[in-house]
Amino acid sequence: MGKPWSMLMAMLVILTLVINSFEVKFASAKMSESACKEERRIGVNACKPVLYGKVPSPKCCERIRLTHVECVCSVITPKLAALVDIKAAVRIVEGCGRRVPRNYKCGSITTPP
């Protein structure tokens, strides 16, 4: 996995966890690994411009809102978390019109107090 893809995945992961942490919606049946992988792939593609300093598109914000937390937290390793500027991610999420909870832990990331 190349560094740009890792950074994009990290940004998507952080955006997703921050948005979904406030409205955790777990389906009655657990998401399959293949379904989670597909959700992450679609989200990464929708949010690529964010990595390059663009504002999130309506499509990106929609993907962030639809992605399931259980598909995200398991992939947030310390290495992936180190690639993300959490304060910048929070600003992006708030730009999508979503409230960000404080001190929320998901994988190796905790949102600011």
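# Notebook: disulfides, charges and cores

I started with the cysteines and found three disulfides in the structure. I call a disulfide any pair of cysteine sulfur atoms within 2.5 Å. The model is predicted, so I take local features only at pLDDT of at least 70 and side-chain atom pairs only at pLDDT 80 or more, while totals for chains, interfaces and linings use all residues. Residues are numbered from 1 along each chain as its sequence is written, and side-chain values use heavy atoms, with hydrogens and water left out.

**Entry 1: cysteine 36 and cysteine 71**

I looked up this pair and got an S to S distance of 2.0 Å. The torsion about the S-S bond is about -65 degrees, so this disulfide is left-handed. Cysteine 36 sits in helix α2 (residues 33-51) and cysteine 71 in the loop between α3 and α4 (78-81), so the bond ties together parts that are 35 residues apart in sequence. My helices (H or I, at least four residues) and strands (E, at least two) are DSSP runs, numbered from the N terminus. Cysteine 36 and cysteine 71 are both buried. For me, buried means under 20% relative accessible area, exposed over 50%, and partly exposed in between, with a 1.4 Å probe and protein chains only.

**Entry 2: cysteine 47 and cysteine 60**

Here the sulfur atoms are 2.0 Å apart. I read 105 degrees about the S-S bond, which goes with a right-handed link. The pair links distant parts of the chain, with cysteine 47 in helix α2 and cysteine 60 in helix α3, 13 residues apart. I checked burial as well, and both cysteine 47 and cysteine 60 are buried.

**Entry 3: cysteine 61 and cysteine 96**

For this disulfide I noted 1.9 Å from S to S. The link is left-handed, with -70 degrees about the S-S bond. Cysteine 61 belongs to helix α3, and cysteine 96 to the loop between α5 (86-95) and β1 (105-106), 35 residues apart. Cysteine 61 and cysteine 96 are both buried.

**Entry 4: helix α3**

Which residues of α3 are buried? In this helix (residues 58-66) I get Cys60, Cys61, Arg63 and Ile64. Seen down the axis of α3, these buried residues fall within an arc of 160 degrees, so they line one face of the helix. I take the arc from the directions that run from the helix axis to the C-beta atoms. Pro58 and Lys59 are exposed on the other side of α3.

**Entry 5: arginine 63**

An arginine on the buried list made me look again. Arginine 63 is buried yet has no salt bridge. My rule for a salt bridge is a side-chain nitrogen of Lys or Arg within 4 Å of a carboxyl oxygen of Asp or Glu. The nearest side chain of opposite charge to arginine 63 is glutamate 39, 5.0 Å away. For charge, Lys and Arg count as positive and Asp and Glu as negative, and His and the chain ends are not counted. I also listed the contacts of arginine 63, leaving out residues up to four places away in sequence, and found Glu39, Ile42, Gly43 and Ala46. Contact here means heavy atoms within 4.5 Å.

**Entry 6: salt bridges**

How many salt bridges does the rule give? I count two salt bridges. In one, arginine 40 pairs with glutamate 33, and the closest N and O atoms are 3.1 Å apart. Arginine 40 is buried at a relative accessible area of 11%, whereas glutamate 33 is exposed at 53%.

The side chains of arginine 41 and glutamate 38 also meet in a salt bridge, at 2.6 Å from N to O. Arginine 41 and glutamate 38 are three residues apart in helix α2, so about one helical turn separates them. Arginine 41 is partly exposed, with a relative accessible area of 43%, and glutamate 38 is partly exposed at 34%.

**Entry 7: nonpolar cores**

I define a nonpolar core as a set of buried Ala, Val, Leu, Ile, Met, Phe, Trp, Tyr and Cys residues joined through side-chain atoms within 4.5 Å. The largest has nine residues in all, including Val72, Ile76, Val100 and Ile109. Its largest share, three residues, comes from α5. I found a second, separate core of six residues, among them Cys47, Val50, Cys60 and Ile92.

**Entry 8: glutamate 70**

Last, I looked at glutamate 70 in the loop between α3 and α4. Glutamate 70 is partly exposed, with a relative accessible area of 24%. Its C-alpha atom is 7.6 Å from that of methionine 31, 39 residues apart along the chain.
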